[in-house]
Amino acid sequence: MKIKSTLEKTTKQAIVNKVVDYLDKNPGENVNKIFAAIKKLTKDKSALAQIEFVEDYYNNDKPKHEFIQDILKNTDTKCLKKFFTNFFSNANWYGGPKRQKYMEQENTKIPFVMLLSPSMRCSLHCKGCYASSYSKKDDIPPEEVDRIIGEARDLGIYYIIILGGEPFFNDYLLDIYEKYDDVMFTPFTSGLLINEKIADRLKKCGNVIPMLSIEGFENDTDARRGKGTYQKALKAMDMLHERGILFGVSSAVTRTNINTVLSDEFTDMLIEKGSKMSWYFLFMPVNGENEDFDMMLTAEQRDYLGKRSREIRANKPYFTIDFFNDAPYVGGCIAGKYFFHVNSKEDVEPCVFSHFSTVNLKGKHLIDAFRDPFFKKLRSMQPYNKNMLRPCSMIDNTNVIIDVCNEVGAKPDDAGAEKMLHDTEFHEKITKSSKEFAPYAEKAWKEVFNEKGNDSFSKG
């Protein structure tokens with residue numbers, strides 16, 4: 001067995017080295033060779049089918065062809081090679097067996113992605129931000145951040161999203177990115193602290209793909225995030241684009257900015273600026289001090305977000321992710337199964353919006369959270385609804401999070417989560433919103449997903 005394992009690793013590494021060599025020399029002209037090499041590395045039938053699906057799109061779909069060519073031709077060589085080796089090779093082909101070992105031996109699921117908030121410090125005060133109710137004094141010590149990331153990598157997690165607060169407040173994180181150069185990092189940032197020096201450092205690292213928060217054009221962005229933030233975010237995009245650093249945009253979609261962030265004009269501007277993707281998040285009423293249901297999308301708007309996101313993805317050389325309406329592609333809710341969040345107090349949570357926990361990492365190992373009944377219970381119940389356009393345990397299936405927390409003893413770790421569990425008026429409002437969306441979800445589920453969704457990700 002040991003000889004076989006060694007041979008497999010040697011073969012994998014040879015193929016990885018070949019792809020890296022293609023990426024180093026005229027990658028735009030070697031796409032089909034790259035696809036052929038990647039397929040040799042992929043043993044899982046489902047993953048292979050997805051790669052062949054992307055390859056078919058590249059060869060036969062003009063927007064996808066342009067998108068992939070843009071990435072290959074306009075990305076810094078080191079950034080491009082790190083994206084392949086860290087995200088595809090390490091996170092999937094090397095990390096996958098590490099994670100699977102725990103599943104097979106002890107029915108413990110190691111998620112694919114870790115979301116980590118080392119600090120909640122931020123110079124902005126965005127309305128409705130989930131981070132606003134956390135103490136700005138609760139920074140995780142740098143040595144603890146190092147330990148948590150090291151443990152995550154040992155478990156097979158090679159993709160880490162850095163949240164906050166503002167990640168670039170913590171200068172030591174740049175050293176962390178360099179130290180763990182086999183891991184892919186994505187900091188979600190306002191862009192306000194990105195300057196020429198930091199942009200140069202990110203290019204040197206090669207393994208960092210920033211996501212810049214922007215809520216539409218200047219009026220919408222400045223209205224929620226503060227005067228001047230829009231222009232500073234655009235300046236940060238220019239610095240990243242000039243250096244060939246892969247980056248994307250994150251938008252909280254609200255009742256007032258939805259038409260802007262989904263417009264052709266806004267999307268085309270982002271493409272021109274060098275953004276490669278937009279990640280759309282529903283505005284969530286999770287700030288316990290000043291939750292605002294009036295900023296939540298109406299049922300009709302939430303349905304439109306899904307339609308329009310799929311339309312942009314199909315017709316432009318650009319990638320979009322709609323965190324909720326794309327849930328059928330990944331088997332419904334993925335909180336605690338494919339990703340999880342460590343907040344600035346070191347509480348391990350299922351999701352960045354789901355502020356409930358049973359394990360704090362002070363004095364404990366990361367594996368303890370995955371072995372705990374909380375995450376195992378959530379996984380055993382997913383998907384929470386046969387209609388995976390209603391995936392969430394909080395805003396779609398509003399009793400689920402209450403029932404699970406009562407069963408396993410999970411505690412709320414902020415004021416918003418406390419309300420979700422114990423405030424009757426809050427629960428009535430969120431349930432009303434869920435019921436209003438239900439008929440739209442049923443219609444789209446039948447028409448778009450044929451009532452089947454994508455079951456290949458829902459098991460395990």
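Trainee: How many cavities of 30 Å³ or more does the structure hold?

Mentor: First, a caution: this is a predicted model, in which local features need pLDDT of at least 70 and side-chain atom pairs count only at pLDDT 80 or more, while totals for chains, interfaces and linings use all residues. Residues are numbered from 1 along each chain as its sequence is written, and side-chain values use heavy atoms, with hydrogens and water left out. Rolling a probe the size of a water molecule over the atoms shows where empty space is left. Here there are 4 cavities of 30 Å³ or more, a cavity being a set of points on a 1 Å grid over the protein atoms alone where a 1.4 Å probe fits but cannot get out.

Trainee: What volume has the largest cavity, and which residues line it?

Mentor: Its volume is about 110 Å³, taken as the space filled by probe spheres set on the points, which are joined across faces, edges and corners. The lining residues (an atom within 4 Å of a point) include L282, L297, R302, I395 and F437.

Trainee: Is R302 buried or exposed?

Mentor: R302, in helix α13 (residues 299-315), counts as buried because its relative accessibility is 7%, buried meaning under 20% relative accessible area with a 1.4 Å probe and protein chains only.

Trainee: Which side chain does R302 join in a polar contact?

Mentor: That of D396, at 2.9 Å; such a contact is a pair of N or O atoms within 3.5 Å, one able to donate a hydrogen and the other to accept it.

Methods. Helices (H or I, at least four residues) and strands (E, at least two) are DSSP runs, numbered from the N terminus. Buried means under 20% relative accessible area, exposed over 50%, partly exposed in between (1.4 Å probe, protein chains only). On a 1 Å grid over the protein atoms alone, a cavity is a set of points where a 1.4 Å probe fits but cannot get out, and a pocket is an open set with protein on both sides within 12 Å along at least five of seven lines; lining residues have an atom within 4 Å of a point.
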